[in-house]
Amino acid sequence: MILSGLGVKKDPERAIRILEKSAKEGNPFAHAFLGIHFRGDGKNEENADRAYSHLKFAADNFNAGAMLNLGVFHIMTSGKYQNKKRGVELLEAVARRGNLSAAFFLGRYYEEGHYLPKDEKKMTFWYCRFGAEGKHRLEAYFGHEVECE
């Protein structure tokens, strides 16, 4: 809350110090939060290095939010951290455990073909796991009603 100022005075520097202290003590949640904070647009190499380091630690400790964000990071970034295969593996792992955001990202990536090759079968599979909104996206895409298993 201190990072965003929600309910308390906003103090991002203090919040980062607190999270970094907790991360040094091995807290996966702190690592995940710092990784997301430093991820940004992926263009600042120093921040990308910090983001990757924190997200990887948290993902290796099975933090679903970190796995999701590291997966997206691997897919969307360019340069040394781009690893679309690993990104898909991470997103699929958390989507199969019920993470709707991961299912949505996979569906969207396969729909748009911008980060991953277009694939209507995979798009349909993941959007169906996204629930009613995913089903509506599929129906808009195909122009007819879609049955999800």
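Helix H4 (residues 64-76) packs against helix H5 (residues 84-96) at an angle of about 150°, and their axes lie 7 Å apart. Axes here are lines fitted to C-alpha atoms, for helices over the stretch in contact, and angles run from 0 to 180 degrees between N-to-C directions. The structure is a predicted model, in which local features need pLDDT of at least 70, side-chain atom pairs count only at pLDDT 80 or more, and totals for chains, interfaces and linings use all residues. Residues are numbered from 1 along each chain as its sequence is written, and side-chain values use heavy atoms, with hydrogens and water left out.

Because of the angle of about 150°, H4 counts as roughly antiparallel to H5; the cut-offs are under 35 degrees for roughly parallel, over 145 for roughly antiparallel, 65 to 115 for roughly perpendicular, and oblique for the rest. H4 passes H5 in a left-handed crossing, a term used if the near helix is turned anticlockwise from the far one by less than a right angle, with right-handed used if clockwise. On the H4 side, the residues that meet H5 are Ala64, Met67, Leu68, Leu70, Gly71, Val72, His74 and Ile75. Their partners in H5 are Lys84, Arg86, Gly87, Val88, Leu90, Leu91, Ala93 and Val94. Contact means heavy atoms within 4.5 Å. By class, the contact of H4 with H5 holds 11 nonpolar, 3 polar and 2 charged residues. For this count, Ala, Val, Leu, Ile, Met, Phe, Trp, Tyr, Cys and Pro are nonpolar, Asp, Glu, Lys and Arg are charged, and the others, Gly among them, are polar.

H4 also packs against H6, at an angle of about 15° and with the axes 10 Å apart. That angle makes H4 roughly parallel to H6, and the crossing of H4 and H6 is left-handed. Here Leu68, Val72, Ile75 and Met76 in H4 meet Ser101, Ala102, Phe105 and Tyr109 in H6. The contact of H4 with H6 has 7 nonpolar residues, 1 polar residue and no charged ones.

Stepping back to the whole protein chain, it has 8 helices and 0 strands. Helices (H or I, at least four residues) and strands (E, at least two) are DSSP runs, numbered from the N terminus. The C-alpha atoms of the chain fill a box of roughly 50 × 35 × 25 Å, taken along the principal axes. Of its 149 residues, 40% count as buried; buried means under 20% relative accessible area, exposed over 50%, and partly exposed in between (1.4 Å probe, protein chains only). Among contacts with a separation of 6 or more, 32% are between residues 24 or more positions apart.

Isoleucine 75 sits in helix H4 and, at 0% relative accessibility, counts as buried. Leaving aside its neighbours within four places in sequence, isoleucine 75 is in contact with Gln82, Lys84, Gly87, Val88, Leu91, Tyr109 and Tyr115.

With 17% relative accessibility, asparagine 63 counts as buried. A polar atom of its side chain lies 3.1 Å from the backbone nitrogen of glycine 65. Beyond its neighbours within four places in sequence, asparagine 63 is in contact with Pro28, Phe29, Ala32 and Ala58. Phenylalanine 62 belongs to the loop between H3 and H4, but counts as exposed at 62% relative accessibility. Its phi is near 65°, a positive value in a residue other than glycine. Most residues other than glycine have a negative phi.

Glutamate 111 lies in helix H6 (residues 100-112) and, at 18% relative accessibility, counts as buried. Its side chain is joined to that of tyrosine 127 by a polar contact of 2.5 Å. A polar contact is a pair of N or O atoms within 3.5 Å; within protein, one must be able to donate a hydrogen and the other to accept it, and residues adjacent in sequence count only if both atoms are side-chain atoms. Not counting residues up to four places away in sequence, glutamate 111 touches Lys118, Met123, Tyr127, Arg137 and Tyr141. Lysine 118, in the loop between H6 and helix H7 (120-129), counts as exposed at 58% relative accessibility.
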